[in-house]
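Please load the model in your viewer, show it as a cartoon, and keep the selection panel at hand. The tour begins at one residue, moves along to another, and then steps back to the whole chain.

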Amino acid sequence: DDYSHFGDRISVSGSGSAWLVDAIKLHLLAAQSFRVPTFNDLYWPREDWGIFGGVEGNPNVSPEEAISYEAGFSTYLFNQFKTDVTFFKTRFDDLIEWTVDDAWWWRPENVDAATTKGAEFETEYVMDDRLKANLAYTYLEAKDVDTGKWLIYRPRHLYKLKVFYSPTQRLECGVHF
């Protein structure tokens, strides 16, 4: 990536997977990332909400950098069940986070160091050629390394349910909860 205000960066990643036995596959990933502040992060127009504070951008926000690791395995049983378990960890430097001050003003700020880590569990059940269901759960710990406080806007527990129906081979409809 080549940014006019933030220079150029290369984000390297590598991944791999291998079948341990016929029904179990191991997968690994390591990746670097670089994210520049959005236009809203930098220049959100000042909105004064009176006694309720307000919101505004911060032109002094720096880009964030991160390195992520994940490892997991997938199982495939009877061509009907697919289960995936993944463990992950990401270390952020200068994480961009919208924060609130004592006067209830929201502005993006950089968190010097933050980590997110957790696990994802997913299972898919194929009921027949046209109908399948997917259930996923994510456990997440997201903390500011310096203060030990939890990062906002990141749920500790996340559940997802998806049901898919395929009336033809070329069309799939889904409902997500």
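Select Ser33, which is partly exposed with a relative accessible area of 38%; here buried means under 20% relative accessible area, exposed over 50%, and partly exposed in between, with a 1.4 Å probe and protein chains only. This is a predicted model, in which local features need pLDDT of at least 70 and side-chain atom pairs count only at pLDDT 80 or more, while totals for chains, interfaces and linings use all residues. Residues are numbered from 1 along each chain as its sequence is written, and side-chain values use heavy atoms, with hydrogens and water left out.

Ser33 belongs to strand 4, residues 24–35, where strands (E, at least two residues) and helices (H or I, at least four) are DSSP runs numbered from the N terminus.

Next, move to Asp41 in helix 1, which covers residues 39–43. Is Asp41 buried or exposed? At 5% relative accessibility, Asp41 counts as buried. Display its side chain and you will find one of its polar atoms 3.0 Å from the backbone nitrogen of Thr38, a polar contact being a pair of N or O atoms within 3.5 Å, of which, within protein, one must be able to donate a hydrogen and the other to accept it, and residues adjacent in sequence count only if both atoms are side-chain atoms. Apart from neighbours within four places in sequence, Asp41 is in contact with Arg35, Gly57, Asn58, Ile96, Trp98 and Pro108.

Finally, select the whole protein and trace its one helix and 12 strands, which follow the order β-β-β-β-α-β-β-β-β-β-β-β-β from the N terminus. The radius of gyration is 21 Å, well over the 16 Å that the globule rule gives for 177 residues, so the protein is more spread out than a compact globule; the radius is taken over C-alpha atoms, and the rule is 2.2 Å times the number of residues to the power 0.38. Oriented on its principal axes, the C-alpha trace spans about 60 × 35 × 35 Å. Colouring by accessibility brings out the buried residues, which make up 28% of the 177.

Methods:
Contact = heavy atoms within 4.5 Å.
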